[in-house]
Amino acid sequence: MYFIKYICSAENSALKEIVDCQAGFSGTLRISLSPSMSINFIKNFLSDFYREFPHINYELYEVPIDEQTQQLLEGKTEIGIANAPLKQSKRFETLFSRKERLVALFHKDSPYLKNDKPNILLDDLEDIPLCLSRGCSELFFSVCSDSHIFPQVMSINTTKLSAIAWAEKNTGVAIVPAPAVELFPANLVRKEIKDERLFLEMTLSIVKGRELSQVAQTFINYYMQNK
């Protein structure tokens, strides 16, 4: 089934590349990515890539891991940016991986946590309202269970931005994955959760043995030089 859909998608992509060339564009970059990673990915990579290659346009699909896997295998997208292992992992080649730690974000006037320690311990998060991004919720619950900690989860959100919105309004503490370079609103305090189990692995993957379009290969070369 994946192969048939891939053939149809490849034909459509070839036709689109012809149209793009005729219109003066260099092509379309098609990426599947985890919802919690999309904003940071656009800010840190795609915006600069666009400035360097202004005639490329984009199709970004912010979807869960299962759907990322399906889109890549069917040829709907060429690159996967994920914060959890793709399904059918043997069919993919991971070109880059990086650990992203879970952090606690809370309002500077928060009644739940104070900005008086350099980091947060898992014990500090018990009995306060937590807002999780869905991409890290399973890991967080597993680590809490292993540590016999019972968190008070107020909200589980599809996107990281939604979890952070609760913290901005001072109604809870957001637990989200974040690279060290990511910036947050000025009214929020960021604290790393000191537990070596609390990290997600961000990966950039492609389908094994499948030839990439010129625009996808151009982006991968750019990403590897600027990661």
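**Pocket, cavity and burial in a predicted model**

Modeller: Sorted by class, the residues lining the largest pocket are 10 nonpolar, 10 polar and 5 charged. Ala, Val, Leu, Ile, Met, Phe, Trp, Tyr, Cys and Pro are counted as nonpolar, Asp, Glu, Lys and Arg as charged, and the others, Gly among them, as polar. The model is predicted, so local features need pLDDT of at least 70 and side-chain atom pairs count only at pLDDT 80 or more, whereas totals for chains, interfaces and linings use all residues. Residues are numbered from 1 along each chain as its sequence is written, and side-chain values use heavy atoms, leaving out hydrogens and water.

Biologist: What is the mean pLDDT of the protein chain?

Modeller: The mean is 87, and 89% of the residues reach 70 or more; pLDDT is the predictor's confidence in each residue, from 0 to 100. Helices (H or I, at least four residues) and strands (E, at least two) are DSSP runs, numbered from the N terminus. Over residues 3-11 the pLDDT stays under 50, and the model has 10 contacts beyond four places in sequence for them; a contact means heavy atoms within 4.5 Å. The pLDDT is also below 50 over residues 17-25, a stretch with 8 contacts in the model beyond near neighbours in sequence.

Biologist: How many cavities of 30 Å³ or more does a search of the whole structure find?

Modeller: The search finds 1. The largest cavity holds about 100 Å³ of space. It is lined by 13 residues, of which Met-37, Asn-40, Phe-41, Arg-98 and Glu-100 are closest to its centre. The largest share of this lining, 3 residues, is supplied by α2. By class, the cavity lining has 7 nonpolar, 2 polar and 4 charged residues.

Biologist: Why is α3 called largely enclosed by the rest of the structure?

Modeller: Buried means under 20% relative accessible area, exposed over 50%, and partly exposed in between (1.4 Å probe, protein chains only). Of the 10 residues of α3, 7 are buried, so the helix is largely enclosed. These are Ile-65, Gln-68, Thr-69, Gln-71, Leu-72, Leu-73 and Glu-74.

Biologist: How do you know that Gln-71 counts as buried?

Modeller: Gln-71 has 4% relative accessibility and therefore counts as buried. Leaving aside residues up to four places away in sequence, Gln-71 touches Ser-32, Tyr-61, Val-63, Lys-76 and Thr-77.

Biologist: Is Pro-85 buried or exposed?

Modeller: Pro-85 has a relative accessible area of 69%, and is therefore exposed. Pro-85 lies in the loop between β3 (79-82) and β4. Its C-alpha is 8.8 Å from that of Met-202, although the two are 117 residues apart in sequence.

Biologist: What makes the phi of Asp-127 worth noting?

Modeller: Most residues other than glycine have a negative phi. The phi of Asp-127 is near 70°, a positive value in a residue other than glycine. Asp-127 is found in the loop between β4 and β5 (129-133), and its relative accessible area of 62% makes it exposed.

Biologist: What is the phi of His-148, and is His-148 buried or exposed?

Modeller: The phi of His-148 is near 55°, again positive in a residue other than glycine. His-148 has a relative accessible area of 63% and is therefore exposed. The residue is placed in the loop between α4 and β6 (152-157).

Methods
1 Å grid on protein atoms, 1.4 Å probe; cavity = no way out; pocket = protein on both sides within 12 Å on 5 of 7 lines; lining within 4 Å. Points joined across faces, edges and corners; volume = space filled by probe spheres on them.
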